[in-house]
Amino acid sequence: MIATNAYAAINSKGSLAPYSFERREPRPCDVHVEILFCGVCHSDLHQVRDEWGGSIYPMVPGHEIVGRVVRVGSAVTRFKAGDLAAVGVIVDSCRTCNNCKMHLEQYCEEGPTGTYNAYERDGKTLAQGGYSTHIVTDERFVYHISDKLSLAGVAPLLCAGITTYSPLRFAGVTSGMRVAVIGLGGLGHMGLKFAHAFGAEVTLVSSSPGKEADARRLGAHNFLLSTNKDQMKKFSSYFDVVLNTVSANHDYAPYLKLLGMNGRMMVVGLPAEEPRVDPFDLLKNRRSVTGSMIGGTTETQEMLDFCAEKNIVADVEVIPMQYINEAYERMVRSDVRYRFVIDLASLK
Ligand SMILES: NC(=O)c1ccc[n+]([C@@H]2O[C@H](COP(=O)([O-])OP(=O)(O)OC[C@H]3O[C@@H](n4cnc5c(N)ncnc54)[C@H](OP(=O)(O)O)[C@@H]3O)[C@@H](O)[C@H]2O)c1
Ligand SMILES: [Zn+2]
Ligand SMILES: [Zn+2]
């Protein structure tokens, strides 16, 4: 067994605290990765605090994982000891349903296996995430990453990156299209970078007045303060795509009004409470609301390769593991520029 140091939540009320456990020895198809960096996603916080219900404890969060391969099982073909490697939001799926066969494993008909806060496919082994020093994962769910990019900056691509890349690709975002990204946080700043890289005219819609300069530096052509009614009105019925990354409870109405003819709001933010949607806002301009969940294995590798080619990484604040509880408090206050990333050297 592999002795692993971690931070875990023991229940929904407390803070994260040091925790030790053992990872399995690699099976024939497994890759054993020593974790170097792990991003801090708002989904970690939602689940630690049981904001979606059904959380399983003790919980070691973390699904934006990069590290170096220590060893591989006898049947592994794509990795060898010493390679850089990454693990994202899911670590398994049924592998046989139609969606899995199309490498849309995130939509597995039997449900994918989360990297943490989930049971593995045996139904009893608790999956534990990347706020830890080691992980052992089937190679189907392990990705190659470039050695040319900053490793800390690559980590958030595994969730914030793919979760925004996938819907923007699905919507066919390209030059000439008008895209609004709501929320300049972990997901939002990646959505902004991708929409810009795909050639769209991008507008960042934020509830934080202090983020305008950063939004423009990251590629936004326009910046709208969502609390400024006049600014919002100026852009009513303007956009083809609105990518909603907001983590807090909010009303969809002011954002739906931004959509032009056949425009769609692509929802990736997952607040605890259901939003209110006024059907009149949908009727106008034949607007629609769709959701999108991370991305499958093929698209995740495609996104990582795209980032390597275009030199795209997240803007990160690297923190030691011991800072995590303070980082969570800052994340709730939207005070992240623009992703916390844990340096696991702090746990060794
Ligand atoms: N669909 C998926 O597969 C998937 C994957 C990963 C994460 N998620 C979800 O996506 C959401 C965002 O995650 P994240 O890691 O990017 O979080 P984050 O870094 O905390 O960013 C969320 C942003 O939402 C905005 N915001 C916060 N409160 C707001 C309010 N009251 N009204 C309007 N905007 C507000 C803030 O941006 P401004 O300061 O600019 O307003 C904040 O930076 C979370 O709910 C997470 O669980 C979904
Ligand atoms: Zn995430
Ligand atoms: Zn499946």
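The legends below describe close-up views of a predicted model.

View 1. The shell around ligand 1 holds 33 residues, of which His42, Gly183, Gly185, Ser206 and Ala248 come nearest. By type, 14 of the shell residues are nonpolar, 18 are polar and 1 is charged. Domain 1 (2-158 + 314-347) and domain 2 (161-291) each contribute at least three residues to this shell. At least two shell residues come from each of helix 1 (42-48), helix 4 (160-170) and helix 5.

**View 2. Helix 5, residues 186-197.** The 12 residues of helix 5 span 17 Å from the first C-alpha to the last, close to the 16 Å expected at 1.5 Å a residue. Helix 5 is mostly covered, with 10 of its 12 residues buried. Gly186, Leu187, Gly188, His189, Met190, Gly191, Leu192, Lys193, Phe194 and Ala195 are the buried residues. Gly199, which follows helix 5, has a positive phi, near 95°.

View 3. The strands are arranged in the order 14-13-12-15-16-17 and their pairing is parallel. Strand 14 (222-225) and strand 17 (288-291) form the edges, each pairing on one side only. From one strand to the next, the twist averages 20°.

**View 4. Pairing of strand 12 with strand 13.** Strand 12 (residues 178-182) and strand 13 (residues 201-206) run parallel and are joined by 5 bridges. Among the paired residues, Ala180 has Thr203 of strand 13 as its bridge partner. Ser206, at the end of the range given for strand 13, is also one of the residues that come nearest to ligand 1.

Note on methods:
Residues are numbered from 1 along each chain as its sequence is written. Chains are lettered from A and ligands numbered from 1 in the order in which they are written. This is a predicted model: local features need pLDDT of at least 70, side-chain atom pairs count only at pLDDT 80 or more; totals for chains, interfaces and linings use all residues. Helices (H or I, at least four residues) and strands (E, at least two) are DSSP runs, numbered from the N terminus. The expected span of a helix is 1.5 Å times one less than its number of residues. A residue is buried if 20 or more other C-beta atoms lie within 10 Å of its own, exposed if 12 or fewer, and partly exposed in between; C-beta atoms are placed from the backbone. A residue is near a molecule or strand if its C-beta atom, placed from the backbone, lies within 6 Å of it. Ala, Val, Leu, Ile, Met, Phe, Trp, Tyr, Cys and Pro count as nonpolar, Asp, Glu, Lys and Arg as charged, and the others, Gly among them, as polar. Domain bounds come from an automatic or database domain assignment. Two strands pair if DSSP finds at least two bridges between them. Axes are lines fitted to C-alpha atoms, for helices over the stretch in contact, and angles run from 0 to 180 degrees between N-to-C directions.
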